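Me: I would like to learn how to read a structure feature by feature. Could you take me through one?

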Amino acid sequence: MGCVTASPAEYALADLAVRLGAAQVAGWSRAEQDLAAAAAAAMEAGSGATWSGQSRWDGRASWDSWDARAGRNYGAGGDGVARSQVGGGGVAALWAGIRAGGDGVAELRGRSRAGGGGVAGLWAGIRAGGDGVTALRARIQAGEDPLGQAFCHIRPPEQRRGAGQTFTPPAVVDSMISWAGRALTPARVVDPGAGSARFLAAAGRRWPEAELIGLETDPLVALIGRATLAAAGFAGRAAIEVADYRSARLPAAPGRTLFLGNPPYVRHHQLAAQWKAWFRDTAARLGVPASGLAGLHAHFFLATALHAAPGDAGALVTAAEWLDVNYGGLIRALLLGPLGGESIHLIDPAAAVFPDAAATSAITCFRPGSTPRAIRLRQVARVTGLGGLAGGTPVPVTVLRSVPRWRPLAVRPSGPRRRPEGLVELGELCRVHRGQVTGANRVWITTGEDCELPARFLLPAVTRASELFHAGDTLASTATLRRVIGLPADICALPAGEQAQVTAFLDRARAAGATESYVAQHRSPWWRVRLAEPAPILASYMARRPPAFVRNLAAARHVNIAHGLYPRDPLPPPALDGLAAYLRRSVTVGQGRLYAGGLAKFEPGDMERLLVPAPSQLECQHPA
Ligand SMILES: C[S@@+](CC[C@H](N)C(=O)[O-])C[C@H]1O[C@@H](n2cnc3c(N)ncnc32)[C@H](O)[C@@H]1O
C-alpha cells in the first residue's frame, strides 16, 4: 500500500464513507483503497488515544465483506500515517461538518447526548454501525448530502476552489433533472466531475433503471460520492471511476446518455501543458476554435462533445464568463455545432447560488446531434426562477453567430434595451481608455529617487488599483504616486546634460532587458512609453468589488491597471464631479464580466455601455 496522507478529519470522513458501503459501488480504485486503509488505521490508532473509555473498534470483519466485491484485501496497517495526527480534532471537525447539514442529525445528536460521551459518544455510535450510520443513510435516502457538506466543512474553500470543488445546490440539480426528464429517458447518466454524487443520486431517484457513472479525480471525493450512491441504494447500477474526464473511455451505452454536472472551474494557468495540447488538438479535430486561455470547464465541454452521441442530452452548470470572452468561442461554436445548444439560463450573481463563487452562473442545456435554429436565452434573478428550464427567448443562431458576446442577449434578448427616461450611455459622454502598457514595469515605473533622470520625464501616475481605492472620491495629490518614465522620441534634441542622463538610463534599461518585451519591440522608438494625457476621471476595472471612480484633480496619468474617462465634449468640473459620484453610487459588480471567485472586469466597451444621467442632470448628482 502506498503512503496516503490526509487531515485527521479527512481520514474520519473516508472511514465513515467506507462504513456507508462505498466499496459496493463499482470502480473501487487503488487510490481509494489506499486512502480507506490509511483512514481505518488512523481511526483505529485514534480510538485508543482519544476516545478513552471506548472499546477499540475492530473494523476487519466489515472490511472483509465490503472488500469482497472489489476482490481485494489488505490489512489495516496504515503505513505512512502518523498515529498522533489522528484524534478527536479530526472527528470533531467531521462532526461539525455533518452538523452544519441541519436537522437530519438530531437522532445522532440525541444518541450522543444520551450516551454522555459528546462527540466521542456520537462517533462510537457511528463506528458501531448502529443508529449513527443508519441515520446518515436515512438522510442520504431522503436526498440530503451530509458527506458532501462535511467535506466542504473540513476542506477550506481556498483549497477546494483550486481543485474546482464547488458542489451544486439541490435546487439547481432539481431544475436540471427536471429539464432532462422532458428531453429523454436516459439509459445512462454521466457526471463528468461527480463530486459527492449530488447529480447521480438525484438521477438515480428520477430514473430507476438508469446506469449512474461518475468520473472524479480526487480519491476522497470519489469515496464519499460512492458512499452516497451506496447508501442511497444504487450500488448495483452505479460506478465511480477515479479518472480524468477528458481521457475517460465511456463504453457504448445500451441507450441514450444524459450528461449532467458542474464542470470544475480551474483557470488555464493551472492546467498542465499536456492538457492544453490535448485541448488544441481535439478542438482542431472537431473544427472549433481553441484558445490557450481556456479553463477546465471549456475542456469539459469539449470532452462532452467527444463522448456524446446523437440523441444524447446534457445540462452543465458553469460560471457564465465563457458567453462573452474570447476563449468561450469554443463552447459557443460547440453549441452552434455538434453539441446542439438548446437553452442557456443565467442566474444573477446576487442570487449567490454557489456560496464559494460570487459569479454569474450559466446552466447550458444541449442535445448533441440536433441542429437548432435558435437557442433560448434568459437571466433569472433567483434560483426559484429556474423552474424546469423551460423559459427563455429563442435567439436565432444567425444572430448568435454574428455577435461576439452572448450575455447581453440573455439579459435583453429582444433587441436594443429600453433606456430609462433621462439616462444616456456613458460612451455618449466619454471615451473610456485603458491606460498604457509599459512593457516592463520594473524598468519604466519608479519612485523617482534612483533613476537619475530630469524630473520633467518622471510623470506621476496611478500604477496600482489600490491607489484608486484608497483615494476615495478624489485624487487630490500625486505625492504618494510612483512615476512613469516618459522619454521623448528624439533624444538628440535634448540639451547635452539631459542627453547624457537619458543615454545612461537607456543603457541601464537595455541591460535590464527592456528592449526584449513584445511591447518595446512593437513601438518606435523602443523607449517611448507614451502615456495618455491625464483623464479627469479615473476608474479601476478589475476587482472583487465595484470599480472605483475617482475625480483626478491631481492630473495624474495612468497605466493599464486603470481606465481613463475622457469627455467627448468639455464637461464643467461640477458635471464631472456629478458623473463620478453617480457612477460610484450606481455601478455594481454584476454589470461587469464576472469571473469565478467574484472577480468583476469592465472592459472599456462595458464601461461605455453603463447608463448615466444626461449632461443637464449631472451637476445635481454630486452628494455635496
Ligand atoms: C464543481 S465540482 C462538481 C461536483 C458535483 N458534480 C456537483 O455538482 O456537486 C467538480 C468536481 O470535478 C472534480 N474534477 C476536477 N478535475 C477533474 C477532471 N479532470 N476529471 C474529472 N473530475 C475532475 C473535482 O474534484 C470536483 O469534485
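Me: How many helices and strands does the secondary structure of the protein come to?

Reply: Helices (H or I, at least four residues) and strands (E, at least two) are DSSP runs, numbered from the N terminus, and here the secondary structure comes to 25 helices and 23 strands. This is a predicted model, in which local features need pLDDT of at least 70 and side-chain atom pairs count only at pLDDT 80 or more, while totals for chains, interfaces and linings use all residues. Residues are numbered from 1 along each chain as its sequence is written.

Me: At what angle do helix α1 and helix α8 pack?

Reply: Two packed helices are described by the angle between their axes and the distance between the axes. Axes are lines fitted to C-alpha atoms, for helices over the stretch in contact, and angles run from 0 to 180 degrees between N-to-C directions. For α1 (residues 8–19) and α8 (residues 146–154) the angle is about 170°, with the axes 10 Å apart, which makes α1 roughly antiparallel to α8 (the term covers angles over 145 degrees). Ala9, Glu10, Leu13 and Ala17 of α1 make the contact with Leu147, Ala150, Phe151 and Ile154 of α8, where two residues are in contact if their C-beta atoms, placed from the backbone, lie within 7 Å.

Me: Which residues touch the most other members of the largest nonpolar core?

Reply: In soluble globular proteins, nonpolar side chains tend to be buried together. A nonpolar core is a set of buried Ala, Val, Leu, Ile, Met, Phe, Trp, Tyr and Cys residues joined through C-beta atoms within 7 Å, and a residue is buried if 20 or more other C-beta atoms, placed from the backbone, lie within 10 Å of its own. The largest core has 123 residues, of which Leu13, Ala14, Ala17, Met176 and Leu229 touch the most other members. Helix α2 (residues 30–50) gives the most to this core, with 10 residues.

Me: Where does Gly193 lie, and why does Gly193 count as buried or exposed?

Reply: Gly193 lies in the loop between β1 (188–191) and α11, and Gly193 counts as buried because 25 C-beta neighbours are inside 10 Å. From C-alpha to C-alpha, Gly193 and Gly261 are 6.8 Å apart in space, although 68 residues separate them in sequence.

Me: How many residues surround the ligand?

Reply: The ligand is surrounded by 22 residues, and the closest are Phe167, Thr168, Gly193, Gly195 and Asn262; a residue is near a molecule if its C-beta atom, placed from the backbone, lies within 6 Å of it. Both α11 (198–206) and β2 (211–216) supply at least two residues of this shell.

Note on methods. Angles under 35 degrees count as roughly parallel, over 145 as roughly antiparallel, 65 to 115 as roughly perpendicular and the rest as oblique. A residue is buried if 20 or more other C-beta atoms lie within 10 Å of its own, exposed if 12 or fewer, and partly exposed in between; C-beta atoms are placed from the backbone.
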